[in-house]
Amino acid sequence: LFSAVTMAPRDPILGLNEQFAADPNPNKVNLGVGVYFDDNGKLPLLQCVQSAEKALMEQPTPRGYLPIDGIPAYNAGVKNLVFGAGSEPLQSGRVATVQALGGTGGLKIGADFLKKLNPSAKVLISDPSWENHRALFTQAGFEVGTYRYYDATTRSLNFEGMLADLKAAAPGTIVVLHACCHNPTGYDLDAAQWSQVVATVQARGLVPFLDMAYQGFAQGIAEDGAVVGKFVAAGLQCFVATSFSKSFSLYGERVGALSVVCADQDEAARVLSQLKIVIRTNYSNPPTHGGAVVAKVLGDASLRAQWEQELGAMRGRIKLMRQKLVEGLRAAGVRQNMDFITRQVGMFSYSGLSKEQMQRLRSEFGVYGTDTGRMCVAALNSKNIDYVCQAIAKVV
Ligand code: LMR
């Protein structure tokens, strides 16, 4: 039965974790996967999460099945966070939101729904993009192409290229956009550029699918979410995948969501009914714990304030590490200007290092980043940064 099964390649991101775990190098540093670690190299368990868990434990509840679309209070919390409490689309009841297994789960529910709705549509992702975007939409049955995004020679956005490619896309093309903290490059559009993208998407009749996996890691929760408001204000229907893996440090709980902005309440009810079929036929309904924790934090003013403060501290520490990285590389003798690292936002730096250099970093120094040159600066700390800078200096 399985003799024809070929060996699949390792996942380009999560596969590095396996390699890292097997590496005996005592100095090894994992800058591969997008995970935030504190200055002691520890994965944080946020105080707001601990308080919410304590409160939940004090009133233990039996674990029945959740509704197919998840915990109602969780979905309400997501809606308020993504669209703003009291915003027009929420008041009109025209947003369908479902709890999902992380941001990836939200993307996949949306992809499967879109494939049924419009089987011949094409998908465009940024060049480069999160590796799993291409894989996920391809697995959902789509032909996946790219729009220009990053110019390696100038180490900056290729905004003209992006706009030209969106203008050339056929109506109905699904365009995957990173709402903030572009993964892997760390370069985001500014507000004026977003307005141009929104206008182009509207003029061409494209289908915007916003991936918001890092809300709060660029400027702040509201600031990073403003992009969604631009699409809504233009009267566009759109998809938004949300992840709380990073912002709540709840990676293993798989807490995310998919929101679909529809024309009116009736349409949202019909869309929701179809999203529920996708969920039911994949995993029936979501798990309880992570969603309950996030719902508790989002629904409680003081826990919510604590979350903002903790998220702000993560954001601040990442920014500090960017500065230290630039200074450390200079001190280690790297002559090329690395200031671009502080112009990037979010968890990653697109270092510009080649595949060969990244492989040398891994094999000779135990410093793990992806082959594309992406490094997770959120895993740097005051103890490992000098070692990482020395290692990079030796390979460039
Ligand atoms: C990443 O890009 O490293 C994260 O989004 C984790 C993942 O699932 O790939």
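Which residues in α2 meet which residues in α11? The views below take this contact and several others in turn. This is a predicted model, in which local features need pLDDT of at least 70, side-chain atom pairs count only at pLDDT 80 or more, and totals for chains, interfaces and linings use all residues. Residues are numbered from 1 along each chain as its sequence is written.

**View 1. Helix α2 meets helix α11.**
C48, V49, A52, E53, A55 and L56 in α2 meet A292, V293, K296 and V297 in α11. Two residues are in contact if their C-beta atoms, placed from the backbone, lie within 7 Å. By class, this contact has 8 nonpolar, no polar and 2 charged residues. Ala, Val, Leu, Ile, Met, Phe, Trp, Tyr, Cys and Pro count as nonpolar; Asp, Glu, Lys and Arg count as charged; the others, Gly among them, count as polar. Helix α2 spans residues 47-58, and helix α11 spans residues 289-298. Helices (H or I, at least four residues) and strands (E, at least two) are DSSP runs, numbered from the N terminus. The two axes come within 9 Å and cross at roughly 105 degrees. Axes are lines fitted to C-alpha atoms, for helices over the stretch in contact, and angles run from 0 to 180 degrees between N-to-C directions. α2 and α11 are therefore roughly perpendicular to each other. Angles under 35 degrees count as roughly parallel, over 145 as roughly antiparallel, 65 to 115 as roughly perpendicular and the rest as oblique.

**View 2. Helix α5 crosses helix α10.**
Here α5 (residues 102-117) and α10 (residues 265-282) have axes that come within 9 Å and cross at roughly 115 degrees. The pair is therefore roughly perpendicular. The crossing of α5 and α10 is right-handed. A crossing is left-handed if the near helix is turned anticlockwise from the far one by less than a right angle, and right-handed if clockwise. From α5 come I109, D112 and F113; from α10 come Q274, L275, V278 and I279. These contact residues divide into 5 nonpolar, 1 polar and 1 charged.

**View 3. Helix α7 packs with helix α8.**
α7 covers residues 159-167 and α8 covers residues 191-204. Their axes are 9 Å apart, at an angle of about 15 degrees. α7 and α8 are therefore roughly parallel to each other. Their crossing is right-handed. F159, L163, L166 and K167 of α7 make the contact with Q193, Q196, V197, T200, V201 and R204 of α8. By class, there are 5 nonpolar, 3 polar and 2 charged residues in this contact.

**View 4. Two cis peptide bonds and a positive phi.**
N183 is joined to P184 by a cis peptide bond, with omega about 20 degrees. P184 sits in the loop between β7 (174-178) and α8. C181 also lies in the loop between β7 and α8. Its phi is near 55 degrees, a positive value in a residue other than glycine. Another cis peptide bond joins D127 and P128, with omega about 5 degrees. P128 is in the loop between β3 (122-127) and α6 (131-139).

**View 5. Domain 1 touches domain 2.**
The protein chain is divided into domain 1 (14-45 + 312-395) and domain 2 (66-299). These bounds come from an automatic or database domain assignment. Their centres, taken over C-alpha atoms, are separated by 28 Å. In the contact, 18 residues of domain 1 meet 18 residues of domain 2. On the domain 1 side, strand β11 (residues 348-350) gives the largest share, 3 residues. That side has 10 nonpolar, 6 polar and 2 charged residues.
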